[in-house]
Amino acid sequence: MRTPRSVREADVAGKRVLVRADLNVPLEDGKVADDTRIEASLPTLRYLLDGGAAAIAVCSHLGRPNGPDPAFAMAPVAARLRELLSDGRVRVLENTRFDPGETKNDHESAKRLAEGMDLYVNDAFGSAHRAHASTVGVAELLPAYAGLLLERELEMLGRLLGEVERPFVLVAGGAKVEDKLGVLEHLGGRADAVLVGGKMAEELRGGSQLPYDAELPSDVVAAAAFGAEAESRVTPYDALPEGWLGLDIGPETRERFGEVIRGARTVFWNGPMGVFEWPRFAEGTKAVAQAVADAEAYSVAGGGDSVRAIQELGLADEISWVSTGGGASLELLEGKELPGVAAIPSA
Ligand code: ADP
Ligand code: MG
């Protein structure tokens, strides 16, 4: 994997720096509901301030507006950032997606971002798989460097692409099956065991298209309908009653997956094992999260919902690396070059 040059190689003293951070946090009632990504952006900002940067403009997208939309204004994010890091040299620009040119990587949009700036630092790992004006266009107009979080994400996830300690166990679940087949194909062949749960396992019931043997559930928590309170019972994976849905892995599968994960020396987990938002279908995800945390392994977890489950269970500190990037971590592990990284000159 190519290493982009680091902000640590830049001379930032007296410079006006544009930072593309990933401040795309969940909002609730107009307030920041989870500030993990804001926290994760602080080391680079502190590094620039300590290095004597004259001014820092931080930009990010927030949600998916197609133009100006007050519901996605950056004000609550900027307020939270100021609470965590108060320095008059830092200002937060308005949502990059208020400019319709952002997602088209429009040249004029990139020029507006670059105007008045001396350097560009990309620290937005979670957006590095998108070629937008704020992740790619602007890197062609200003001297570009990788921020500390972006570097660390590439290093920690990149370890899975090289030689790993074995057994190497890959755990896949969640709902976005199409998005994930690429990772399963790329990494799965190198893993000693591939455990599949969630809706992923439901889709493979008709026969796996994977070019190796994946371990599927042996039992599932089946529900008569898709609902938190639906009638439910444990059934064998291959004997799901007609019209019923498998909404979690069953107790026997939890036990077996847990054992394999605890014996691993390297683990990558993406995707909940069930509809963990509903308590009755959350046990499989809990069991896998706990096993990943218990394993004496280099453990990496990625994906928005998987990370949310880990945070809710308070297990983040027991996992070697919890990635801030969902799609970006998957594309990296698929072996793809991320456009936001490719746009930064090599180290
Ligand atoms: P991540 O964000 O971690 O990459 P996904 O977005 O692919 O994961 O999938 C998360 C979603 O998958 C959750 O909302 C969860 O409810 C859903 N899910 C998991 N298992 C099932 C299942 N068996 N049937 C339907 N939905 C499922
Ligand atoms: Mg998700």
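The largest cavity is lined by Leu170, Val171, Ala172, Lys180, Val183, Leu184, Phe268, Asn270 and Leu330. This is a predicted model, in which local features need pLDDT of at least 70, side-chain atom pairs count only at pLDDT 80 or more, and totals for chains, interfaces and linings use all residues. Residues are numbered from 1 along each chain as its sequence is written, and side-chain values use heavy atoms, with hydrogens and water left out.

**Cavity and pocket**

A cavity is a set of points on a 1 Å grid over the protein atoms alone where a 1.4 Å probe fits but cannot get out; a pocket is an open set with protein on both sides within 12 Å along at least five of seven lines, and lining residues have an atom within 4 Å of a point. Grid points are joined across faces, edges and corners, and a volume is the space filled by probe spheres set on the points.

The structure has 1 cavity of 30 Å³ or more. The largest cavity holds about 60 Å³ of space. At least two lining residues come from each of strand E8 (168–172), helix H5 (177–188) and strand E13 (266–270). Helices (H or I, at least four residues) and strands (E, at least two) are DSSP runs, numbered from the N terminus. The cavity lining divides into 7 nonpolar, 1 polar and 1 charged residues. Here Ala, Val, Leu, Ile, Met, Phe, Trp, Tyr, Cys and Pro count as nonpolar, Asp, Glu, Lys and Arg as charged, and the others, Gly among them, as polar.

The second largest pocket has a volume of about 190 Å³. Its lining includes Leu93, Phe98, Arg112 and Ala133. By class, the lining of this pocket has 4 nonpolar, 3 polar and 4 charged residues.

**Two helix pairs**

Axes are lines fitted to C-alpha atoms, for helices over the stretch in contact, and angles run from 0 to 180 degrees between N-to-C directions.

| Pair | Angle | Axis distance |
|---|---|---|
| H7 (251–262) and H8 (283–294) | about 15° | 8 Å |
| H1 (36–50) and H2 (75–84) | roughly 60° | within 11 Å |

H7 is therefore roughly parallel to H8, while H1 and H2 are oblique to each other. Angles under 35 degrees count as roughly parallel, over 145 as roughly antiparallel, 65 to 115 as roughly perpendicular and the rest as oblique.

On the H7 side, the contact with H8 is made by Arg254, Gly258, Ile261 and Arg262. Contact means heavy atoms within 4.5 Å. The residues of this H7–H8 contact divide into 5 nonpolar, 3 polar and 4 charged.

H2 contributes Val77, Arg80, Leu81 and Leu84 to the contact with H1. The H1–H2 contact has 6 nonpolar, 1 polar and 3 charged residues.

**Backbone exceptions**

Most residues other than glycine have a negative phi, and most peptide bonds are trans. Aspartate 29 is not a glycine, yet has a positive phi of about 50°. Aspartate 29 sits in the loop between strand E2 (27–28) and strand E3 (31–32). The peptide bond from arginine 166 to proline 167 is cis, with omega near 0°. Proline 167 lies in the loop between helix H4 (148–158) and E8.

Note on methods. Chains are lettered from A and ligands numbered from 1 in the order in which they are written.
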